[in-house]
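Please give me a short briefing on this protein structure, written for someone who has not seen it before.

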Amino acid sequence: MKLQFLVSTVNEDVETLAQRMNLQADAIVVNQCDRNEYREYTHEEYRIRCYSFAERGVGLSRNNCLMRADEELCLFADEDIVYRPGAAKAVIAEFEKNPDADMILFNVDVPRERRTYHIDGYGRVRWYNCGRYPTFSFAARTEKLHEAGVTFSLLFGGGAKYSNGEDSLFLAECIRKGLKVYKAPVTIGRENGRPSTWFHGYNEKFFYDRGVLYRFLYGWAALPMAVRFLLKNRTEMFGQKEAKETQESMLPETGLSMGQAFSLMRKGIRMKE
């Protein structure tokens, strides 16, 4: 069983990337920049194929990686992930232990302010709890993804119309198309701290875009899932003391209340086609 890294990056020195990321298998790198070119080199014994494209959009970058993937297993990656020694072997070992799995999600350590998930036990991932995992946690059987015809949305994520969510939509599509998705409490690397490319505070765009995402992600359940999201994250988004005392607590960055935040999410959910 062989693994291949699928790395999405922007304006990178691709010829030093494999060493900086500690890639431990062959890789396909898509570098979005101001030119179109192809380079190939060897890092240790691994083949690193680098495609530079004059375009933008993380969904487009992921799709360009995925369409070229040609090993049994693939692991999605970003340029700021540094992999632990033995990470590739650990991923392969989990698929060998679970032949039923089409996709397995892994832990990657990230700065606390960017953390959206942590896997602390083995289990199955379903449609109702797939909305918090980043793409760099995804490893999959390449042939299963190709057979299912799954792709990343071009409407969501860095460089797209709506802020983020291409990872959740991709995972939900995999599940809807019958792929069996599992999670494993195995940490394979860490993310270097960096400013977010899309998050600029809990402002109007954040809540509206989240509503649009929930429309596509949850369908009929979008409104209750929006309420769940606001209540679950009220301490972080609205302040601990105020969130406990009143629903109309204020966001210091924007002056929005929880009620206004819900109204914006509802507007996004009910967006016109």
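At 34% relative accessibility, Asp100 counts as partly exposed, a class that lies between buried (under 20% relative accessible area) and exposed (over 50%), with a 1.4 Å probe and protein chains only. Asp100 forms a salt bridge with Lys180, their closest N and O atoms being 3.0 Å apart; the term stands for a side-chain nitrogen of Lys or Arg within 4 Å of a carboxyl oxygen of Asp or Glu. The model is predicted, so local features need pLDDT of at least 70 and side-chain atom pairs count only at pLDDT 80 or more, while totals for chains, interfaces and linings use all residues. Residues are numbered from 1 along each chain as its sequence is written, and side-chain values use heavy atoms, with hydrogens and water left out.

**Salt bridges**

- The pair of Lys180 and Asp100 links distant parts of the chain, 80 residues apart. Lys180 is in the loop between α5 and β10 (181-191), and Asp100 is in the loop between α3 (87-97) and β7 (103-109). These elements are DSSP runs numbered from the N terminus: helices are H or I with at least four residues, strands are E with at least two.
- Lys180 is partly exposed, at 31% relative accessibility.
- Salt bridges with shared partners join Glu15, Asp34, Arg35, Glu37 and Arg39 into one network.
- Within this group, Glu37 meets Arg35 at 3.1 Å, N to O, and Glu37 also meets Arg39 at 3.0 Å, N to O.
- Glu37 is partly exposed with a relative accessible area of 26%; Arg35 is partly exposed at 31%, and Arg39 is partly exposed at 34%.
- A search of the whole structure finds 15 salt bridges.

**Helix α6**

- Helix α6 has 15 residues, which should span 21 Å at 1.5 Å a residue, and its end C-alpha atoms are 21 Å apart, which agrees. The expected span is 1.5 Å times one less than the number of residues.
- Buried residues of α6 include Phe206, Phe207, Val212, Leu213 and Tyr214. Asp209 and Arg210 are also among the buried residues of this helix.
- The buried residues of α6 pack against α5 (166-176), α7, α8 (234-238) and α10 (258-269), where contact means heavy atoms within 4.5 Å.
- At the start of α6, a side-chain oxygen of Asn203 comes to within 3.3 Å of the backbone nitrogen of Lys205. A polar contact is a pair of N or O atoms within 3.5 Å; within protein, one must be able to donate a hydrogen and the other to accept it, and residues adjacent in sequence count only if both atoms are side-chain atoms.
- Just after α6, Gly219 has a positive phi of about 60°.

**A nonpolar surface patch**

- Trp127, Tyr128 and Trp220 form a nonpolar patch on the surface, with about 440 Å² of accessible area together. Areas come from the Shrake-Rupley method with a 1.4 Å probe, and for residues only the protein chains shown count as cover.
- Patches are made of residues with over 30% relative accessible area and no salt bridge; like charges are joined within 9 Å, and nonpolar side chains (Val, Leu, Ile, Met, Phe, Trp, Tyr) within 5 Å.
- Trp220 is in the loop between α6 (204-218) and α7 (222-232), and Trp220 is exposed, with a relative accessible area of 76%.

**Positive phi in residues other than glycine**

- Asn11 has a positive phi of about 50° although it is not a glycine. Asn11 is in the loop between β1 (3-10) and α1 (14-21) and is exposed at 51% relative accessible area.
- Glu44, also a residue other than glycine, has a positive phi near 55°. Glu44 is in the loop between β3 (37-43) and β4 (46-53) and is exposed at 58% relative accessibility.

**Two buried residues**

- Asn64 lies in helix α2 (residues 58-68) and is buried, with a relative accessible area of 11%. Not counting residues up to four places away in sequence, Asn64 touches Val30, Phe53 and Glu55.
- Val186 lies in strand β10 and is buried, with a relative accessible area of 17%. With residues up to four places away in sequence left out, Val186 touches Ala90, Glu94, Phe106, Asn107 and Tyr122.
- The C-alpha atoms of Val186 and Cys50 are separated by 28 Å, and the two residues are 136 residues apart along the chain.
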